[in-house]
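Welcome! Take a moment to turn the model around on your screen before reading on. The briefing below walks through it topic by topic.

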Amino acid sequence: MQLYGTDITSPLLLGTAQYPSPAILMEAIKASGTEIITVSLRRESTGGDGQAFWDILKQSGCRILPNTAGCHSAQEAVTTARMARELFGTNWIKLEVIGNADSLQPDVFGLVDAAETLSAEGFEVFPYTTDDIGVGERLLDAGCQVLMPWGAPIGSGQGLRSPEALRAIRAHFPGVPLIVDAGIGRPSHAAQAMELGFDAVLLNTAVSKAGDPIGMARAMALAIKAGRQAFAAGAMEPRDMAVPSTPVMGLAELA
């Protein structure tokens, strides 16, 4: 997978929020094998506890993907992204513009506006979006080179609520890196996303809130690897009728 000219070998992106302790976070990062971790600017600052947290993240050796979590307007997201670039020293930004406080569904209109502004300023935008193909086209036109459609509402753990819509968006954008973002609750959900042909999965709550975050991080990594290999191997599609797995020609006939 290549993201804005950077080669990435791990198809798992991991969030850093709500872990029981910094030590468990670091062990979970290691167990997941991820190369990219996300962090919200709202959890960071230029001093105090925020600086200590930033120092911990740097020790992971992973690439930082700041996000604009909690922003409810394009203007707020753009301002947060500019602050994140100054603090973290990267043009990468996971762009979130929330349109509904209950579902945390993206505001696709504000998202496109913010993506266009940030792309013009040299940001490399990772937009958290819906599974709508038309919105995806608008985001690509705005300068995005990757799309991050949701599987289900953030933190819900519902898995892929619309697998056919995700299958369609994958087919429509064959050359665009696609990352399922939000809603993954179990390793089986992550494997399903990879079986559909997605390039990666981004998750946080499923690991950070697990009884054993380190074990769950490892499980997610294994599931994603299995799903990816299944897609590459050409997993069979469901059939409407039974098909015998044993040849019927040449079977003995008893009189």
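Lys94, Glu96 and Asp181 are linked in a network of salt bridges, a salt bridge being a side-chain nitrogen of Lys or Arg within 4 Å of a carboxyl oxygen of Asp or Glu. This is a predicted model, in which local features need pLDDT of at least 70 and side-chain atom pairs count only at pLDDT 80 or more, while totals for chains, interfaces and linings use all residues. Residues are numbered from 1 along each chain as its sequence is written, and side-chain values use heavy atoms, with hydrogens and water left out.

**Salt bridges**

- The structure holds 7 salt bridges.
- One of them joins Lys94 to Glu96, with the closest N and O atoms 3.0 Å apart.
- Are Lys94 and Glu96 buried or exposed? Lys94 counts as buried at 6% relative accessibility, and Glu96 counts as buried at 6% too. (Buried means under 20% relative accessible area, exposed means over 50%, and partly exposed is in between, using a 1.4 Å probe and protein chains only.)
- Another salt bridge pairs Glu121 with Arg82, whose closest N and O atoms are 2.5 Å apart. This pair links distant parts of the chain, 39 residues apart: Glu121 sits in the loop between α4 (108-120) and β7 (124-129), and Arg82 in helix α3 (residues 74-88). (Helices, H or I with at least four residues, and strands, E with at least two, are DSSP runs numbered from the N terminus.)
- Both partners are partly exposed: Glu121 has a relative accessible area of 29%, and Arg82 has one of 40%.
- The side chains of Arg167 and Glu237 also meet in a salt bridge, at 3.9 Å from N to O. Arg167 lies in helix α6 (residues 163-172) and Glu237 in the segment after α9 (213-233), so the pair ties together parts that are 70 residues apart in sequence.

**Pockets**

- Rolling a probe the size of a water molecule over the atoms shows where empty space is left.
- The rule used here works on a 1 Å grid over the protein atoms alone: a pocket is an open set of points with protein on both sides within 12 Å along at least five of seven lines, and lining residues have an atom within 4 Å of a point.
- The largest pocket has a volume of about 590 Å³. Grid points are joined across faces, edges and corners, and a volume is the space filled by probe spheres set on the points.
- Which residues lie nearest the centre of the largest pocket? Of its 31 lining residues, these are Ala17, Glu96, Ile154, Asn204 and Thr205.
- β4 (36-40), β10 (200-203) and α8 (205-208) each give at least two residues to this lining, and β4 supplies the largest share, 3 residues.
- By class, the lining of the largest pocket has 11 nonpolar, 15 polar and 5 charged residues. (Ala, Val, Leu, Ile, Met, Phe, Trp, Tyr, Cys and Pro count as nonpolar, Asp, Glu, Lys and Arg as charged, and the others, Gly among them, as polar.)
- The second largest pocket holds about 230 Å³ of space. Among the residues lining it are Arg167 and Glu237, and α6 and α7 (187-195) each supply at least two residues.
- The lining of the second largest pocket divides into 5 nonpolar, 2 polar and 4 charged residues.

**Helix α9**

- At 1.5 Å a residue, the 21 residues of α9 should span 30 Å, and its end C-alpha atoms are 30 Å apart, which agrees. (The expected span is 1.5 Å times one less than the number of residues.)
- The buried residues of α9 are Pro213, Ala217, Met220, Ala223, Ile224 and Gly227. Seen down the axis of α9, they fall within an arc of 125°, so they line one face of the helix. (The arc is that of the directions from the helix axis to the C-beta atoms.)
- The face of α9 turned away from its buried side carries the exposed residues Leu222, Lys225, Ala232 and Ala233.

**Positive phi values**

- Most residues other than glycine have a negative phi.
- Gln18 has a positive phi, near 70°, and is found in the loop between β3 (12-15) and α1 (22-32).
- Ala182 has a positive phi of about 90° although it is not a glycine. Ala182 lies in the loop between β9 (179-181) and α7, and counts as buried at 9% relative accessibility.

Definitions and conventions. On a 1 Å grid over the protein atoms alone, a cavity is a set of points where a 1.4 Å probe fits but cannot get out, and a pocket is an open set with protein on both sides within 12 Å along at least five of seven lines; lining residues have an atom within 4 Å of a point.
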